[in-house]
Amino acid sequence: MAAIQCGVVFQGSVTASLNSDLHKSIFKSKKISYTDKPWMSFSPMELKTKKTPSRYQSAICMSTPQAVGSAKVSVSPLHLEDAKEPPLNTYKPKEPYTATIVSVERLVGPKAPGETCHIVIDHDGNVPYWEGQSYGVIPPGENPKKPGAPHNVRLYSIASTRYGDSFDGKTASLCVRRAVYYDPETGKEDPSKNGVCSNFLCDSKPGDKVKITGPSGKIMLLPEDNPNATHIMIATGTGVAPYRGYLRRMFMESVPRPKFTGLAWLFLGVANKDALLYDEEFRKYLEDNPGNFRYDIALSREEKNRNGGKMYVQDKIEEYSDEVFKLLDEGAHIYFCGLKGMMPGIQDTLKRVAEGRGEKWEDKLSKLKKNKQWHVEVY
């Protein structure tokens, strides 16, 4: 079992509620500064448990797998399964819900370009959502373009199931990359042009308040009418967020639904190994569910495609194009999430592959959309 990597900010001591089979060693209770090197592996240490408030006790490394082997985690409240339609816009921008930051964890290593954080938010069960939906976040302060008005809402795909990382239906997790602007002439950071919301979230501390709206979105909802279905998930960077929710629901949580017996296939594109997100969690699913999960990564700065160029996620898809197209012909769902710049390259690749198979891509795409197999959420 790899050492747990963690970058949570704690105010005082905390108690870790980790599955003993997952990590038999225990940690020494200590303060961890957000400015520490959170990508460094912690050696086994002794944990002195102390009383701390409610679910803040389980704030250590929320992105780490919390289920081992075939055993699944119990979740509650199960009435979250009862709704026939997804919740939509329970809270709107003019009247947002004030939630609380539980933890902030750096997900990437020192050689990753930029910083990406896993942020757990406590909504106390008041802003329920379904897998594949998004929350809106309103950062504090005044909108510079509209003096006296709040900042605009920023949307973030939710990276947890409806039960949250604490499995009690009271938290939601976001995967956020800090947006930093560098002057092209000087090469220096210009804080005045940094992303307001992403920096607010990544700089947050446990206990800080955050205004959220939503949930919103229906296009990325996970179809669960057929437990034997195939789901092909394609992501770049933080676009992996909704898929983490899908996979936890399929492989980690004990939910009152038929067991997932289909295939989940994740293609993830990032710059390098240090930039991989939730990699340990995904590899655990692969180890425990080899017949139901496939996981392929594209590292653009460390790998070459068959033509000698950088390996992007569309190149990895092309490697398996015969299988992918066969699965689509059999009714597989295919999802795309990430920066909108990913789609032209992917579309060009799929079109080239289709034409090589004697198919017209425009007709095939139209059929996929008509059959509700095609799901896209880019930003």
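Is Phe-167 buried or exposed? In this predicted model, Phe-167 counts as buried, at 12% relative accessibility. The residue sits in the loop between β5 (154–157) and β6 (171–177). Lys-372 occupies the loop between α7 (361–370) and β13 (374–378). Lys-372 is exposed, with a relative accessible area of 64%. Most residues other than glycine have a negative phi, and most peptide bonds are trans.

Two cis peptide bonds were examined. One runs from Ser-76 to Pro-77, with omega near -5°. Pro-77 falls in the loop between β1 (73–74) and β2 (97–106). Another joins Gly-214 to Pro-215, with omega near 0°. Pro-215 belongs to strand β7 (residues 209–216).

The unreviewed UniProt entry annotates a "binding site" that covers Ser-157, Arg-177, Thr-238, Ser-300, Arg-301, Lys-310, Gly-338, Leu-339 and Glu-377. From this set, the lining of the largest pocket takes in Ser-157, Arg-177, Thr-238, Ser-300, Arg-301, Leu-339 and Glu-377.

Thr-238 lies in the loop between β8 (230–236) and α2 (241–252). Its relative accessible area is 17%, so Thr-238 is buried, the cut-off being under 20%. Beyond neighbours within four places in sequence, Thr-238 contacts Thr-116, Cys-175, Val-176, Arg-177, Leu-277 and Tyr-379.

Gly-338 is part of strand β12 (residues 333–338). Gly-338 is buried, with a relative accessible area of 0%. With neighbours within four places in sequence set aside, its contacts are Thr-236, Gly-239, Glu-377, Val-378 and Tyr-379.

Terms used:
Residues numbered from 1 in each chain as written. Predicted model: local features only at pLDDT ≥ 70, side-chain atom pairs only at ≥ 80, totals over all residues. Heavy atoms only, no water. UniProt positions renumbered as here; feature names shortened; annotations may be inferred. 1 Å grid on protein atoms, 1.4 Å probe; cavity = no way out; pocket = protein on both sides within 12 Å on 5 of 7 lines; lining within 4 Å. Helix = DSSP H or I, 4+ residues; strand = E, 2+ residues; numbered from the N terminus. Buried < 20%, exposed > 50% of the residue type's maximum accessible area, 1.4 Å probe, protein only. Contact = heavy atoms within 4.5 Å.
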